Amino acid sequence: MRGDPETLLESELFGYEPGAFTGAATRRIGKFEQAHRGTILLDEIGDISLAVQVKILRLLQEMTFERLGSNHTIQVDVRVLCATNCDLEKAMAQGAFREDLYHRLNVVTIAVPPLRERREDIPSLVEYFLNRYSGELGITKPPLADEALELLKNYACRGTSGNWSICCSAS
């Protein structure tokens, strides 16, 4: 499918009917419909356009939506988890994020501090990844020298913290 990122995202989330746009030859079920009676994760919610935010808000309020190119209303029961690394309150103040959507999504916030602020987690993370990837690769888990663990614990971790918001659907 060709088109602008907003249309691409909208078609991924809500689906489309044949003929909805050039190249839409068959019906496509969107992610919200696929997640019916389940959970969907919207990563980087702060980067979504205002037009798509309106459609997500309607879905959260009414638990209904229409596929692109359709006027048939589809009802869903879906739990929405959102993640972002941007400051949504600042985005609201700048007019880049809808305040009503923010309040609808911001039911529970889990702030995840950056790894540089929780270095005590590094040994557990190293153990997890060694177990996971040695299992996936079918190899014996390699030993980790104390010096290597110290290097990891003292590494200057860069990056930002993330915020997770949970919106529970009405059942």
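The model is predicted, so to speak of local features we require pLDDT of at least 70, and side-chain atom pairs count only at pLDDT 80 or more, while totals for chains, interfaces and linings use all residues. Residues are numbered from 1 along each chain as its sequence is written, and side-chain values use heavy atoms, without hydrogens and water.

Buried means under 20% relative accessible area, exposed over 50%, and partly exposed in between, with a 1.4 Å probe and protein chains only. Strand β3, residues 38-43, runs parallel to β6 and is joined to it by six bridges; DSSP must find at least two for strands to pair. Within this pairing, Leu-42 stands opposite Cys-82.

Leu-42 also belongs to the largest nonpolar core, which has 26 residues. Such a core is a set of buried Ala, Val, Leu, Ile, Met, Phe, Trp, Tyr and Cys residues joined through side-chain atoms within 4.5 Å. Among those with the most contacts inside it are Phe-32 and Val-80. Helix α3 (50-62) is one of the elements giving two or more residues, and α3 gives the most, with five.

Tyr-133 lies in helix α6, residues 122-137, and counts as partly exposed because its relative accessibility is 38%.

Terms used:
Helices (H or I, at least four residues) and strands (E, at least two) are DSSP runs, numbered from the N terminus.
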